[in-house]
Amino acid sequence: SGSSSSSSSSSSSLSGSSSSSTSGSTISIEQQYEILNSVSVSTGGADGPELQNWGNESISFCDWEGIDCDEAGNINMLYLENQNITGSLPAAIGDLTELQVIILNDNNFSGPIPSEIGQLKNLQYLGLFNNDFTGTVPSELCDITDNYGGVLQSLLVD
């Protein structure tokens, strides 16, 4: 499977919760590939090693560096810390409905933080610090709750 690294620069720990989503429908494997490709295109690729195998459809995206998936093959974690990624984060990231963890710390993302991240009802940890995002933190991020009463446990921005 993909990266199993844990964030060493974060002072917060992740919950071991693994409840499955019942909010909305899960998107297809093809749609997940399209969204990951939109991340790669919108960021202009990356110089860091994490995205070197991105776009290689001869292997499952679950085996791409920086991605972990659940048993059903749905992306539940993006771990792309310190990869020299530039560009904007596409709104389509909000369509990856099973995401529980997004760690994009220490890159060069720019532009606004997409409010569509607020659609990720399973999101428990969002690390965006040490980037060049502009604007304010979208209010939609404050409203993330899942069907079990869970909430976004950590939001790291600067």
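Read along the sequence, the chain of this predicted model follows the pattern α-β-β-β-β-β-β-β-β. The chain has 158 residues, of which 47% count as buried.

**Chain-level values**

- The accessible surface of the chain amounts to about 7400 Å², and carbon and sulfur atoms account for 45% of that surface.
- When contacts between residues at least 6 apart in sequence are considered, 63% of them join residues at least 24 apart.

- A search of the whole structure returns one cavity of 30 Å³ or more.
- The largest cavity holds about 30 Å³ of space.
- Its lining is made up of Thr26, Ile27, Gln32, Asn74, Ile75, Leu96, Thr97 and Glu98.
- Sorted by class, the lining of the largest cavity contains three nonpolar residues, four polar residues and one charged residue.

**Glutamine 32**

- Glutamine 32 belongs to helix α1, which spans residues 29–42, and is one of the residues lining the largest cavity.
- Glutamine 32 has a relative accessibility of 2% and therefore counts as buried, the cut-off being under 20%.
- Leaving out residues up to four places away in sequence, glutamine 32 touches Ile27, Phe61, Gly73, Asn74, Ile75 and Leu96.
- The C-alpha atoms of glutamine 32 and glycine 73 lie 9.8 Å apart in space, while the two residues are 41 residues apart in sequence.

**Isoleucine 93**

- Isoleucine 93 is placed in the loop between β3 (86–88) and β4 (101–103).
- Its relative accessibility is 0%, so isoleucine 93 counts as buried.
- With neighbours within four places in sequence set aside, isoleucine 93 is in contact with Ile35, Leu78, Leu99, Ile102, Ile117 and Leu120.
- Isoleucine 93 and glutamine 32 are separated by 61 residues in sequence and by 9.3 Å in space, C-alpha to C-alpha.

**Aromatic pairs**

- Four aromatic pairs are found in a search of the whole structure.
- In one of them, the ring centres of phenylalanine 61 and tryptophan 64 are 6.3 Å apart and the ring planes stand at 70°, so the pair is edge-to-face.
- Phenylalanine 61 and tryptophan 64 are both buried.
- In another, the ring centres of phenylalanine 109 and phenylalanine 133 are 5.9 Å apart with planes at 5°, so this pair is stacked.
- Phenylalanine 109 lies in strand β5 (residues 108–112) and phenylalanine 133 in strand β7 (residues 132–134), so their pair ties together parts that are 24 residues apart in sequence.
- Phenylalanine 109 and phenylalanine 133 are likewise both buried.

**Loop residues with positive phi**

- Most residues other than glycine have a negative phi.
- Aspartate 106, in the loop between β4 and β5, has a phi near 60°, which is a positive value in a residue other than glycine.
- Asparagine 130 also has a positive phi, near 60°, and is placed in the loop between β6 (125–127) and β7.
- Asparagine 130 has a relative accessibility of 43% and so counts as partly exposed.

**Glutamine 124**

- Glutamine 124 is located in the loop between β5 and β6.
- Its relative accessible area is 11%, so glutamine 124 is buried.
- The C-alpha atoms of glutamine 124 and isoleucine 102 are separated by 8.6 Å, with the residues 22 residues apart along the chain.
- Isoleucine 102 is also one of the contacts of isoleucine 93.

Methods:
Residues are numbered from 1 along each chain as its sequence is written. This is a predicted model: local features need pLDDT of at least 70, side-chain atom pairs count only at pLDDT 80 or more; totals for chains, interfaces and linings use all residues. Side-chain values use heavy atoms; hydrogens and water are left out. Helices (H or I, at least four residues) and strands (E, at least two) are DSSP runs, numbered from the N terminus. Buried means under 20% relative accessible area, exposed over 50%, partly exposed in between (1.4 Å probe, protein chains only). Contact means heavy atoms within 4.5 Å. On a 1 Å grid over the protein atoms alone, a cavity is a set of points where a 1.4 Å probe fits but cannot get out, and a pocket is an open set with protein on both sides within 12 Å along at least five of seven lines; lining residues have an atom within 4 Å of a point. Grid points are joined across faces, edges and corners, and a volume is the space filled by probe spheres set on the points. Ala, Val, Leu, Ile, Met, Phe, Trp, Tyr, Cys and Pro count as nonpolar, Asp, Glu, Lys and Arg as charged, and the others, Gly among them, as polar. Accessible areas come from the Shrake-Rupley method with a 1.4 Å probe; for residues, only the protein chains shown count as cover. Rings of Phe, Tyr and Trp (its six-membered ring) pair if their centres lie within 6.5 Å; planes under 30 degrees apart count as stacked, over 60 as edge-to-face and the rest as tilted.
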